Amino acid sequence: MDSDNKNNLRRIVIAAVFAALVYSTTLIAIPLPRGNINFGECCVLLCGIMLGPWGAVSAAVGAALADITLGYMIYVPATVVIKALTALAVYFLIKLFSGIFRQKYTLPAIIISSVIAEVVMVGGYFLYELVLSQNLAVSAATIPTNCMQAAAGIIAANIIYAVLPGKIKHPIK
């Protein structure tokens, strides 16, 4: 097997492992009156941070499979788009902020990028809920839970990324 095929196979396997991480961490949830908090969002951010554009596929597939497993079929189309966009946003924002901070993958760049990327998630589900319910109040009621989900994901992802050994922080080149 030539090196290009090896690299592609490696990327696919790592992306699949991350999809499984998103899926499994989404299933472990803390129920709340409106929704739940899980660590799937943490893994969605890590997909973007560590895998780059490949992470969008991992995030979308893992989260969509979790929605299917949990019986939230109506959210699957939104989840695919929102989780992919969240992972892409964190990746491209880190690249942007790394240029501003003149260093790759600085903690401030990752934190700021994670916060902005989670605005995509909160806003995306707000808009989807608005389309489904046709009711601004119902849609707005999802914002606090999604903000708590986002905050848990941001904190966990940044802690996990900070303690990872350098060699495994970017498995896909």
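Biologist: Starting with Gln134, is that residue buried or exposed?

Modeller: In this predicted model, Gln134 counts as exposed, because its relative accessibility is 64% and the cut-off for that word is over 50%.

Biologist: And where is Gln134 placed?

Modeller: Gln134 sits in the loop between helix 5 and helix 6, the latter covering residues 136–140. Gln134 follows helix 5, and its phi is near 55 degrees, which is a positive value in a residue other than glycine.

Biologist: What span does helix 5 reach, going from its first C-alpha to its last?

Modeller: Helix 5 has 27 residues and reaches 39 Å, which is close to the 39 Å expected at 1.5 Å a residue. One of the residues lying in helix 5 is Ile116.

Biologist: Okay, what does Ile116 touch, if I skip its neighbours within four places in sequence?

Modeller: With those neighbours left aside, Ile116 is in contact with Leu93 and Phe97. Ile116 counts as partly exposed, because its relative accessibility is 36%. There is also a C-alpha to C-alpha distance of 7.5 Å between Ile116 and Val90, although the two are 26 residues apart in sequence.

Biologist: Switching to helix 2, how many of its residues are buried?

Modeller: Helix 2 is mostly covered, with 12 of its 12 residues buried. Among them are Gly40, Glu41, Cys42, Cys43 and Val44, and the helix itself runs over residues 40–51, reaching 16 Å from its first C-alpha to its last, close to the 16 Å expected at 1.5 Å a residue.

Biologist: What do those buried residues pack against?

Modeller: The buried residues of helix 2 pack against helix 1 (3–27), strand 2 (35–38), helix 3 (54–70), helix 4 (76–101), helix 5 (107–133) and helix 7 (143–163). Just after helix 2 comes Gly52, which takes a positive phi of about 65 degrees.

Biologist: Which residues touch the most other members in the largest nonpolar core?

Modeller: That core has 31 residues, and the ones touching the most other members are Phe18, Leu46, Ile49, Met50 and Tyr161. Two or more residues each are given to this core by helix 1, helix 2, helix 3, helix 4, helix 5 and helix 7, and the largest share, 9 residues, comes from helix 2. As general background, nonpolar side chains tend to be buried together in soluble globular proteins.

Biologist: Can you take Ile49 as an example, and what is in contact with it beyond four places in sequence?

Modeller: Leaving aside the neighbours within four places, Ile49 is in contact with Val90, Ile94, Tyr105, Ile110, Ser114, Tyr161 and His170. Elsewhere there is a second, separate core of 7 residues, which includes Ile82, Met121, Val122 and Ala150.

Biologist: Now charges: how many salt bridges does a search of the whole structure find?

Modeller: The search finds 1 salt bridge, and it is formed by Lys83 with Glu41, whose closest N and O atoms are 2.3 Å apart. Lys83 lies in helix 4 and Glu41 in helix 2, so the pair ties together parts that are 42 residues apart in sequence.

Biologist: Are Lys83 and Glu41 buried or exposed?

Modeller: Lys83 is buried, and Glu41 is buried as well.

Biologist: Last one, where is Phe101, and what does Phe101 touch beyond residues up to four places away?

Modeller: Phe101 is in helix 4, and, not counting residues up to four places away in sequence, Phe101 touches Thr106, Pro108, Ala109 and Ile112. Phe101 is partly exposed, with a relative accessible area of 35%. Between Phe101 and Val17 there are 31 Å in space, C-alpha to C-alpha, and these two residues are 84 residues apart in sequence.

Definitions and conventions: Residues are numbered from 1 along each chain as its sequence is written. This is a predicted model: local features need pLDDT of at least 70, side-chain atom pairs count only at pLDDT 80 or more; totals for chains, interfaces and linings use all residues. Side-chain values use heavy atoms; hydrogens and water are left out. Helices (H or I, at least four residues) and strands (E, at least two) are DSSP runs, numbered from the N terminus. The expected span of a helix is 1.5 Å times one less than its number of residues. Buried means under 20% relative accessible area, exposed over 50%, partly exposed in between (1.4 Å probe, protein chains only). Contact means heavy atoms within 4.5 Å. A nonpolar core is a set of buried Ala, Val, Leu, Ile, Met, Phe, Trp, Tyr and Cys residues joined through side-chain atoms within 4.5 Å. A salt bridge is a side-chain nitrogen of Lys or Arg within 4 Å of a carboxyl oxygen of Asp or Glu.
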